[in-house]
Amino acid sequence: MQLMFDIYLKQNNVGTICSRLMYACDIFVRNRHDWITEIVELADHKSKFITFVACRVLASFLIVSKDTVDENWLQQITENVYLFDRINRITVQKINFSLDIIKRIVEWKDVEQHPLDETSYANAPGTIQVQEDNPFRGSSSSQSSAGSSSRSDNLHSAFSNLQTHSSPSTSSDSKTSKPTSTFKLNEPVFKFPHDQSDSRMEPADSPEPSQSRIERVNEHGCITVILTDSESFDTSHIKCLTIKTLEHHWPILVKNMKLLLLRYLNLSNAENCILTFFSLWENIISVKANLSVIDTKPFYADLQGFVDLLRNTMLPGLIYAHLLSLFNEVLCYGSTLALQDILPEEICCLAHSIVRYVKDFRLLSEVRVQSSRSGFGFLEHDCRVIHDYSLGPDIGPLSSSIQLVDQSYGEDDNEDSTQSRTEVDKTMLQRMSLLVLKSVAVTVKEMRCDSSDSSIDSSDYNAIQDMQIVERSIRDVLKKLDVFIRNRLEFHPETPFTKMLIHLFSEQDDYLIESMVCTLDITVGIVYRNSMYPDLIPMLNPIMSFIEFLRVVAHDSDVLLDYLVSNETCFLLYLLRFLKYVRRNWPKFLDTCQQMDPGTTRGLDDTMRVLIRLRLQISRLVSKSLFPYNISPVLRLLEVCESLYEGNEFS
């Protein structure tokens, strides 16, 4: 079943599906023998392999059936989440089973076809053609037609056995006599309205295919169906339906997961269940899921109850890392929050809590960002290091010329291995630093919105006092973050905060660009408020961030162009806001470039050379109508900066 569903999804992505495969999937969608209940009951099976495949089968099946999903199927799956008396090993296994199915549905994307796979069948519409395009064949060579024919017969025979009604034989003789009528497409049930009669299942009474669907028959008798754009595989319905089904039981699930996390973490499969839960939560909230704000809003309500776990230093490293990843996805500053005028209340509360924990509860001082002894982060800090390398009594000794390498990477047993045990887990450090930075950016943005409120004037003493308290908290948090990063990565004491951020996130493009957006917006927000803490301005100098960023990418304008064309980062938003900032603060831009390379104009020249090359590249693409979107605002700002650089004061 899993193989069949995988092939269906893969062929659907290509646009050409075997008609017999569609018919077989149609039989499963009808669920006449209630096979779904039988597979759901495998959730507590003692074999982890069977439960894994059963989970994959149900997830793939629901994606295949999409618009014809029976809500009772989803109810049967989600019952494992809340229908139990107590938490034990079986309960945890069943919860993980259901959560994994839902997670696979929410995160499902079109299957990418491997470059080496069969690609001979084209998607261009046309009349029925006879050619070798059987998607089940491993090769399209006509020299192996005999072997392919027998394999095709076996497959047709297998699919015929699945039919609940009698069907004509698919042998070679029948194909010779009736090549087309024998293999007439049986229209799947999920391509028609529900009130249609089931008589279309009979091959003899099958309706003619619609004009938008085109059939082709190859010389071995396999009919393939070419899908048009109107039949694109849209899974939004099954995603929304699954989310709605889970929404009713979400508060109970959150309560059980927190209980499992705090009291029953020693149960078998408990950690895996919690990781699946956090991944599902992150996928639901993620912008990439393409779910509406209304559908995802209920899943923000219980986030506040998990913020306390950030102070729990006894959590396993993987769980803590997933918790940070979840909160970073909620505070999706670069992709969503930076563009909104009014921020959601739940997100602001989360940002306030993190700011308060860093300021008042020494969160950054207590968090563990050390990696394991092996440096890979999988073994945890209390792992048992193996020093006995014997291979057992049944295996002979190795040659004396071969030595097994210790995980301590060459350290002797007598040496102090404290340094290796306290190596920094850079991924954990990046996630924690970015989370704090985004929390500050959200707080500043909210404060700026409040200060621009017409109901608050300069005589409102209480409001002004509150904003000054918030500014002082932001200053304290940024100072603590500076110390946190500086101590973990052993930067030079004179290294500016912005340069540390660039090098901290240099390996993660999305983190890097989002951190630059945060520092830029924090700086603009503080300047807008005329903050009483002017030391924050040079600390967060966004121009220094950009210059250091150009150094990291070796002053290559092609990298900037790739960022602009790609949708994997928020570089378009960043570059647009940064160029506006430079236009308004041109003298500061000149001073910062001078500070980066004292005594010369090299810093200014190198920076402007990259921007000018970028402008020329964008102009060439725009002139040929090759740029994927309207880039004219950025192009105009680049021209303004170039004019300022050339000394045109009237620009």
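Let's start with helix α13, residues 317-330: its 14 residues at 1.5 Å each should span 20 Å, and its end C-alpha atoms are 20 Å apart, which agrees. The expected span here is 1.5 Å times one less than the number of residues. By helix I mean a DSSP run of H or I with at least four residues, numbered from the N terminus.

A quick word on where this comes from: it is a predicted model, where local features need pLDDT of at least 70, side-chain atom pairs count only at pLDDT 80 or more, and totals for chains, interfaces and linings use all residues. Residues are numbered from 1 along each chain as its sequence is written, and side-chain values use heavy atoms, leaving out hydrogens and water.

Back to α13. Is it mostly covered or mostly uncovered? Mostly covered: 12 of its 14 residues are buried, including Y320, L324 and F327. Buried means under 20% relative accessible area, exposed means over 50%, and partly exposed is in between, using a 1.4 Å probe and protein chains only.

One of those buried residues, L326, is touched by W281, which also touches W250, F299, D302, L303 and F306, not counting residues up to four places away in sequence. Contact here means heavy atoms within 4.5 Å. W281 is also among the residues with the most contacts inside the largest nonpolar core, which has 135 residues. Helix α17, residues 426-451, gives the most to this core, with 12 residues. A nonpolar core is a set of buried Ala, Val, Leu, Ile, Met, Phe, Trp, Tyr and Cys residues joined through side-chain atoms within 4.5 Å. Apart from it lies another core, of 39 residues, C55 and I101 among them.

Those two names come back in a helix pair. C55 in α4 and I101 in α6 are both part of the contact between these helices, along with others including F52 and F97. At what angle do α4 and α6 pack? About 35 degrees, with axes 9 Å apart; axes are lines fitted to C-alpha atoms over the stretch in contact, and angles run from 0 to 180 degrees between N-to-C directions.

Now for another pair: α25, residues 586-596, and α26, residues 602-623, pack at about 115 degrees, with their axes 7 Å apart. Here W586, F589, L590 and C593 meet G603, L604, T607 and M608.

Last stop, H237 in helix α9. At 35% relative accessibility, H237 counts as partly exposed. K66 is 171 residues away from H237 in sequence, yet their C-alpha atoms are 6.6 Å apart.
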